[in-house]
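This briefing is meant for a reader who is meeting the structure for the first time. Please look over the sequence and the model below before going on to the notes that follow.

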Amino acid sequence: DAVRFPGQLSFETPGGAARIALEYHYEPGHPLDGVTAILPLAMLNQLPEGLFDWLVPGYRVEKVTELMRTMSKSLRVNFIPVPDHAQRAADSMQSNSTPLVNALAEQLGRQSGLAISPEDFRPAELPPHLHMNFKVLDEKGRQVAMGRDLSAIRQSLGIKARAAFASLPQSEFHRDDLKQWDFGDLPEQVEIRREGATLLGFPALVDRGEAGVSLRLLDSAEAARAAHRAGVRRLFMLHMSPELKHLERSFPRLQSMAMNYKPIGPRQQLVEDLIDATVDRALLAANFPMRRQSEFIERAAEAWHDLHEKGAEIARVADDALQLRQSLSLALQKPAAPLLAPAISDMKAHLAALLPAHFATHTPMPWYEHLPRFLRGIEMRLKKLQNAGLARDLAAMKQVDPFWRQYQQRAEAHRQRRIDDAALEQFRWMLEEFRISLFAQELKTSQPVSPRRLESLWNATRDAR
């Protein structure tokens, strides 16, 4: 039945229709039992993961039924007989890139008037054939991965997938040694058709350091956005090389900053970070992403006049932050009572997270000016801890730690998958405000913050699985 068990899975992308070949195997207990999606390696990072939750129409009612049977008894009794309610739900839903459990929770809520959550289902308990199987093939048709966990496959093959995409036949968006914007306007994305599938390519300028700038097609919008920002910045810096050398000489208190930065890295690293941050503020803040040639020329002319003003602002904040870092580092190294060790260790880790290498460019523009206040928060926390404040400090740590751990885990998953998530970035810096509210209330937060607000922000972040 080609309707219930189609030979291809079709779905829409921003660049048009894409198709994935499907294979079937009916043998309970066999590793291939069920349906297998055949994925080109070069396409691996572009697939909407939720789409595969829906399997194919021939399996959908069975999967919905079994998902409903994983609900708690107190919920399940509202859907008796389960097969009838499952059939009605399956008939009412259209497959899309939304995870099936999300759509099912919403649909059952409409059918019953109850509040149903995706967490009320336990998909891990379903038999294997109700999860899509994935076979990944390289450009020569050789199998490079097989399994039912697409997220795990992506994590293990992410770099190879990007390399496979990069090895596709070169296009007009493949150029090296660029010194000026002489390639016209760049589209947000372009279509690449290979073996019956439509892949998307995302044009971006890529920073090659002293080698200049390259133009490339990347395999995801997030990767292109991050690369393009650095590439545009490098192209501007090539234009303004003499002015940037003068900018370095105009940074106030550079020698003192370099001394305080020494535990983090060498002087030249600090200088490059300050210059990059200055160019970011002067060139890219107003109208990024920059994809039109005329836009680049116009903004570059304006940025030239803003360089020294922006550079002074960047250097002032960096100087304050590095002075505070140095004094805090010395204070945290002093001998302390063993009972204070967990709090001292937490403050050391917090200090390192606030001022890593390249902190001037890695700290988002809206939050950069707040760095000294966040560092003063650690300073105030240490004073309170040393003044018989251990119990209160430990209680505050218990509130912060779960949020910080879940942020670190998701941030690492995003880094591996090259996901650019503005909500996660906001969550990370609101955690700094949360620390202020707990450890240094006297400094006041820049905006309201509470555990409930953090939970709401967290729910808006992207799950990298």
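Two residues are in contact when they have heavy atoms within 4.5 Å of each other. In this predicted model, residues 24 or more positions apart account for 66% of the contacts in the protein with a separation of 6 or more.

**Overall picture**

- The protein has 465 residues, and buried residues make up 47% of them.
- Its secondary structure comprises 17 helices and 9 strands.
- Taken along the principal axes, the box filled by the C-alpha atoms is roughly 75 × 65 × 35 Å.
- The protein exposes about 23200 Å², of which 51% is supplied by carbon and sulfur atoms.

**The second largest pocket**

- The second largest pocket holds about 1600 Å³ of space, and its lining is made up of 36 residues.
- Among these lining residues, Thr361, His362, Pro364, Asp420 and Glu425 lie nearest the centre of the pocket.
- The elements that give two or more residues to this lining are α6 (221-239), α9 (267-284), α11 (341-354), α12 (359-362), α15 (390-417) and α16 (422-439).
- Sorted by class, the lining of the second largest pocket has 16 nonpolar, 6 polar and 14 charged residues.

**The largest cavity**

- The structure holds 1 cavity of 30 Å³ or more, and the volume of the largest cavity is about 50 Å³.
- The residues that line the largest cavity are His350, Phe374, Gly377, Ile378, Arg381, Arg435, Ile436 and Phe439.
- At least two residues of this lining come from each of α14 (371-386) and α16, and α14 gives the largest share, with 4 residues.
- By class, the lining of the largest cavity divides into 4 nonpolar, 2 polar and 2 charged residues.

**Arg435, a residue of the cavity lining**

- Arg435 is placed in helix α16, and this residue is one of those that line the largest cavity.
- Arg435 has a relative accessible area of 5%, and because buried means under 20% relative accessible area, Arg435 counts as buried.
- When residues up to four places away in sequence are not counted, Arg435 touches Asp346, His350, Arg381, Val400, Trp404 and Ala440.
- His350 and Arg381, which are among the residues touched by Arg435, also belong to the lining of the largest cavity.

Note on methods
Residues are numbered from 1 along each chain as its sequence is written. This is a predicted model: local features need pLDDT of at least 70, side-chain atom pairs count only at pLDDT 80 or more; totals for chains, interfaces and linings use all residues. Side-chain values use heavy atoms; hydrogens and water are left out. On a 1 Å grid over the protein atoms alone, a cavity is a set of points where a 1.4 Å probe fits but cannot get out, and a pocket is an open set with protein on both sides within 12 Å along at least five of seven lines; lining residues have an atom within 4 Å of a point. Grid points are joined across faces, edges and corners, and a volume is the space filled by probe spheres set on the points. Ala, Val, Leu, Ile, Met, Phe, Trp, Tyr, Cys and Pro count as nonpolar, Asp, Glu, Lys and Arg as charged, and the others, Gly among them, as polar. Buried means under 20% relative accessible area, exposed over 50%, partly exposed in between (1.4 Å probe, protein chains only). Accessible areas come from the Shrake-Rupley method with a 1.4 Å probe; for residues, only the protein chains shown count as cover.
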